[in-house]
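Q: Hi! I have a new structure open and would like to walk through it with you. Shall we start with the strands?

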Amino acid sequence: MTMFVRTPEEKVLRDPVHGYIHVQDEVIWKCINTRWFQRMRRIHQLGGAFMVYHTADHTRFAHSLGVYEIVRRMITEVPDLREALNEREKMTVMLAGLLHDIGHGPFSHAFEQVSNISHEYYTCKIIEEDPEISGILESAAEGLAKEVADVIRHKHPNTILTQIVSAQLDADRMDYLLRDAYFTGTTYGEYDLARLLRTLRVSGDRIVIKESGVYAVENYIMARYHMYWQVYYHPVARSYENLVNKLFLRLKDLMDEGKTADGAELFLPVLQGRELTLEEYYPLDEYACTYTFSLLEKAEDPILRDLSYRVLNRHLFAYRANTRGNIRSVKAALKRAGFDPRYYLVTDTVGQAPYVPYRGDSGKVIWIRTHNGDVRELSKASGLVASLVKGPKLSDDRIFYPAEIE
Ligand code: NI
């Protein structure tokens, strides 16, 4: 049996969502103090939403601590989980929660589109290959680094661990909904975490919710649904992300033409579209990007100069519904004003179903255990969710363009 070294006394970190984050294990504390973990202080949790909600500039660092704390509470406060998992599995799942976002790049979506970088890939690479982090994990228990990465890539043989960190009702979502609601000030993202944890059970290889917790689950589904439409898919947030994306596109086009933009050397390896070494990836955080954008405000290339100015000063694109008529008139106006549509016209669709009762993958649905012991998929146990599933899948299809052509 693997034993882990405890910290001499419990460390507590104040957190507005959870009150305190409790750290009792040396290996957790050491991981928090690594340079890759600290780098997450320099990466925002929300892409463009802080351009809508001005206090939503919380970071991946705070979210990662919050996910860890929810996992820690699950495995200590939920009796079924406390009994189902051994010490090593408990440590593995706490570490997976803590480190699940460590490979995120700056401006997540815009950046991933240009670079083909998947943050999950880098997350596992950092856990298994960064000498500092893999060193901490391996000296705590041989083979631990791979086991933690296996939870994140859904390959761990004990699927309960993956369900705790990333499924439909998981610590990752539980933290980001509450945290994003708190920092945006949107109370409809709140739900009853304490009640969910109290009604959580294990049934075979599945995490289930007791029937009496079904209202807390409905509340959670509604919170998620509202947060998607009011925060994550807010058109102004998308406008900002689209602008950052166009800025990277312009840089990439210039590089492909053999031109260089002074000050943008940091981005060259990314723009080449190749896999980066961890040492090339590490300095790419939002502080470095913002500094680079400020240099590019003085670039020789007028498009780069203009897009950098827009990103830094919230001079965002305007938007309309994506209809043929709107595209035609915006294209004509762009032409009259001398804007290249490659950089100044974006079509962007987002869609989200409140809850999808996927079949075949037990980790992707929410299970309710009735009082007589039957386990049912959520939409079979909740009238509210059943009617949401039957309703239309909403989507929002828009075009974005410079406001001054209107
Ligand atoms: Ni996350």
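This is a predicted model: local features need pLDDT of at least 70, side-chain atom pairs count only at pLDDT 80 or more; totals for chains, interfaces and linings use all residues.

Q: Which strand does β9 join through 7 bridges?
A: That is β6 (residues 346–352), and the two run antiparallel. Strands count as paired if DSSP finds at least two bridges between them.

Q: And how does β5 pair with β9?
A: β5 (residues 317–321) and β9 (residues 394–402) are antiparallel over 5 bridges. Within that pairing, Arg320 stands opposite Ile399.

Q: New topic: how many residues are in the largest nonpolar core?
A: It has 138, and Leu137, Ile164 and Leu251 have the most contacts inside it. A nonpolar core is a set of buried Ala, Val, Leu, Ile, Met, Phe, Trp, Tyr and Cys residues joined through side-chain atoms within 4.5 Å. Buried means under 20% relative accessible area, with a 1.4 Å probe and protein chains only.

Q: Which helix gives the most to this core?
A: Helix α13 (residues 214–232), with 12 residues.

Q: What does Leu137 touch?
A: Leaving aside neighbours within four places in sequence, its contacts (heavy atoms within 4.5 Å) include Val27, Cys31 and Leu95.

Q: Is helix α3 buried or exposed?
A: 16 of its 18 residues are buried, so α3 is largely enclosed by the rest of the structure.

Q: Anything to know about the numbering and the cut-offs?
A: Residues are numbered from 1 along each chain as its sequence is written. Local features need pLDDT of at least 70, side-chain atom pairs count only at pLDDT 80 or more, totals for chains, interfaces and linings use all residues, and side-chain values use heavy atoms, leaving out hydrogens and water.

How values were computed:
Buried means under 20% relative accessible area, exposed over 50%, partly exposed in between (1.4 Å probe, protein chains only). Helices (H or I, at least four residues) and strands (E, at least two) are DSSP runs, numbered from the N terminus.
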